[in-house]
Amino acid sequence: MYSHGSESLLKQARDIQDAEMAKFCSRMVKQTQARDQGPQGLQGRDQGLEAVDSLQRLHLILAASGRLHQRLLALLLSSSGEQLQVLCAAVLRETAPPSDHKLNYSQCSGGRFEGSALGRLGETPRADVPSHIHAALSITSPSLADHVTLLNKKLIDWLRYASTQQGGGASSVGFFNGPRIRQPGPVTELDGGPSGDFFTVLCVAQGFTEDQWMNAHAFSLLRPWLLASSAAPGDNDRSDVDGSVVSMVSATSSSSRLLAPRERLREKSFLYAQRLIEQSDRKALKRADSELQKACLVEAVLILDQVCLEDVSQVFRAFPAVKALYGRLSPELGAARVLLAVAQFYLNHGETAAVDCEPVWRLVFGRLPAELFNDPHLAHSLLRFTRLHLHHLQPRVVQYTQAFPNLLKFLAWDSPAVLEDFVDLLPSLVTPGTAVELLHSLLDLPCLSATLVLQLRSPKTSSEEASLSLEAFRSPAHRGLFLFLLRAEAGSGDTIARLATLHRLLAEAADWPRVVQAAQAVPVLLHVYFNAVVTVTPASHTHTSVLPLSFPPHRVLSFHLLRFCKLRPSLVVDQSHELLEFAGTTANAFSKEAVFTDVVWLLGEVLSGGSDPRCSVELITSCFESLEAVLFEVTSSAPPPGEEPVAPRVITSLMSALAKLASRSHDLIPRVSLFLSKLRAAARGGAVVWSREEDLVAIVTRGEELCSLLRLPGVAQSVLTPPPRGPRWHRDLNVAPSLQLRALSGLALLH
């Protein structure tokens, strides 16, 4: 809730009338003009503070009225102050409505808004150009077509016809005379050589002219403008030129004057990008200029990509330059972001040009993550590229799914920064061929994180200063373990046989920050992985993914184990040997209580002929004997030293599983009844060391209920082993049989 004063201000802002709004805006325009034309110093500072205060009041009025965009639009049309127009255009752009909401442009009679935001671009100072153009980019209307055409023509002039002479005059002072002004010379290339035929952002000068500044501004917004104007209403007419002639002209670089302004801008953009690629071949004299070359190369390749997406005939003109650029940059990994832009070009146009793209993908998903996994900028750029083009990468690029061991290095190195990306990407990496290996890789993520740290420390640490884990990393005897974790592609095996040895070698890395972060990310990724496995892998492959679930003591794995087996009960029969081996180990009842209880429940619930015809009496008996031995050992001795007594949930789960198995093989009923009777007698006799006294009541009650059921084998079978797809009356509290059973139970207790 707002305070009383705040409520009063909001009410005044909501109730302001149009006449008051017009007076307020007129006063604000005068304040901004007085601030620009007035004196400097304290008086100018006071005027500036008043103008800022008025702008804040304007923002409050527009936001409180609930008609921000309409008010801004009306203010933009009614105001004659250029500063206010620029401000309104910028605010309109920043607060543009969603794509499904359109502004009402019926007020824009004669296209006055477009005239103020677009038509005067040529006369606008260079510092204000981006706000005007970006505001125009985010607002489209049917009356905007003429101004889109006008801006296309201006962009052509700024890109292609900027001056090649340096701006301003360079002064020098002679010994016997005063200062004299030297005539400005031509601009130069980054290596100091003479410039080419037209000016670009990679040209060097002591000072720049207005049209050169406009050239730089136009290049900075060229790609988003091409993308936006391709869907905007504009000059679809081809200037009375036949379509076949236009296609022929666009395939060559001559006679571009025959094209419509949009096609001419596309042609000039193509030539500008090609010129930048040529300029990037020159060796820059300064390090900063070298970085500028790479940044401009990224934008140039993306502009070529956008031009080719709009006009397929340009692919064959662009590919030689892009292919040569890839051949020049691929040996060095310093231009990784440029190589990602090249990869995007190959992805979009490789099939059209019929070129072999495999080397590009081996570089992008092979060398780059393997050698630059610790580069945060590359990690962000590569994962963003993958997310944006996932719908193309999955069906076309085989190397993508095979390279998940390499991609996981980004996650192992800096989990918090890239976890969100992998939540989106992980389902696309789960295939029948990679499901098992990917699961083991996720479980080994903390080990991979520790190995990457050791890999970077190894060249910098001497033998005397090396830790135990670093010595193991350098040791030839253990080298195979670490090489498996650092593999670049899938297919070399699901996991390693000496996991216990690896964990022992990396024990001291358990508290390293990167290892801890990787371990914290594993549960989240496991949930995503198992959700994808259910939908992606067929039934014949799913059981192989479940294989390791009963071993790691993690609640996520236990949850999805139950989920898998409920969806496909045959998995319990398929993996009965592994499940019985785990459930038959008494130590697991103490150390892995949650997973142990779930596995016991699965064995008792699913092992029946109704769930799987392969479930034989021999299998049921074998399972019964294993669980009986564990229950006997747990209830006949004290817990191991240092261990808490086994949880009552474990004991009751074992008792219920034995009763369920006995109801399916009646020969086992006497054995379980005798065992439960002895257990009840021992509990009542007070000679119990395997459980707390407060838990005995629940255990004894469960034993009595099961004994009562087993006295009537037919009833026990219907209750403990209901049909797999039939109604389960004993679990539904809202049906008549359940009510009857509860009533009979109450009467039995009374008598």
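1. The bend at a residue is taken as the angle between axes fitted to the seven residues ending there and the seven starting there. By that criterion, helix 14 (residues 336-353) bends by about 45 degrees at L347. Helices (H or I, at least four residues) and strands (E, at least two) are DSSP runs, numbered from the N terminus. Of the 18 residues of helix 14, 14 are buried, so helix 14 is largely enclosed by the rest of the structure. Here buried denotes under 20% relative accessible area and exposed over 50%, with partly exposed in between (1.4 Å probe, protein chains only).

2. On provenance, this is a predicted model, in which local features need pLDDT of at least 70 and side-chain atom pairs count only at pLDDT 80 or more, while totals for chains, interfaces and linings use all residues. Residues are numbered from 1 along each chain as its sequence is written, and side-chain values use heavy atoms, with hydrogens and water left out.

3. Overall, the protein has 38 helices and two strands. Buried residues account for 48% of its 751 residues. Among contacts (heavy atoms within 4.5 Å) between residues at least 6 apart in sequence, 72% join residues at least 24 apart.

4. The end of helix 14 deserves attention. A354 lies in the loop between helix 14 and helix 15 (358-371), and just after helix 14 A354 takes a positive phi of about 55 degrees. Most residues other than glycine have a negative phi. A354 has 69% relative accessibility and therefore counts as exposed.

5. The pairing of helix 22 with helix 26 comes next. The axes of helix 22 (residues 445-457) and helix 26 (residues 513-536) come within 8 Å and cross at roughly 150 degrees. Axes are lines fitted to C-alpha atoms, for helices over the stretch in contact, and angles run from 0 to 180 degrees between N-to-C directions. Angles under 35 degrees count as roughly parallel, over 145 as roughly antiparallel, 65 to 115 as roughly perpendicular and the rest as oblique. Helix 22 and helix 26 are therefore roughly antiparallel. The crossing is right-handed; a crossing has that hand if the near helix is turned clockwise from the far one by less than a right angle, and is left-handed if anticlockwise. L445, P446, S449, A450 and V453 of helix 22 meet R514, V515, A518, A519, V522 and L525 of helix 26. By class, this contact has nine nonpolar, one polar and one charged residues. Ala, Val, Leu, Ile, Met, Phe, Trp, Tyr, Cys and Pro count as nonpolar, Asp, Glu, Lys and Arg as charged, and the others, Gly among them, as polar.

6. Helix 26 also packs with helix 21 (residues 435-443), the two axes coming within 10 Å and crossing at roughly 165 degrees. Helix 21 and helix 26 are therefore roughly antiparallel to each other, and helix 21 passes helix 26 in a left-handed crossing. A435, V436, L438, L439, L442 and L443 of helix 21 make the contact with V522, L525, L526, Y529 and F530 of helix 26. This contact has 11 nonpolar, no polar and no charged residues.

7. A further pairing involves helix 34 (residues 648-664) and helix 37 (residues 713-720), whose axes come within 9 Å and cross at roughly 120 degrees. That angle makes helix 34 oblique to helix 37. The crossing is left-handed. A659, K660, S663 and R664 of helix 34 meet A716, Q717 and L720 of helix 37; these residues divide into three nonpolar, two polar and two charged.
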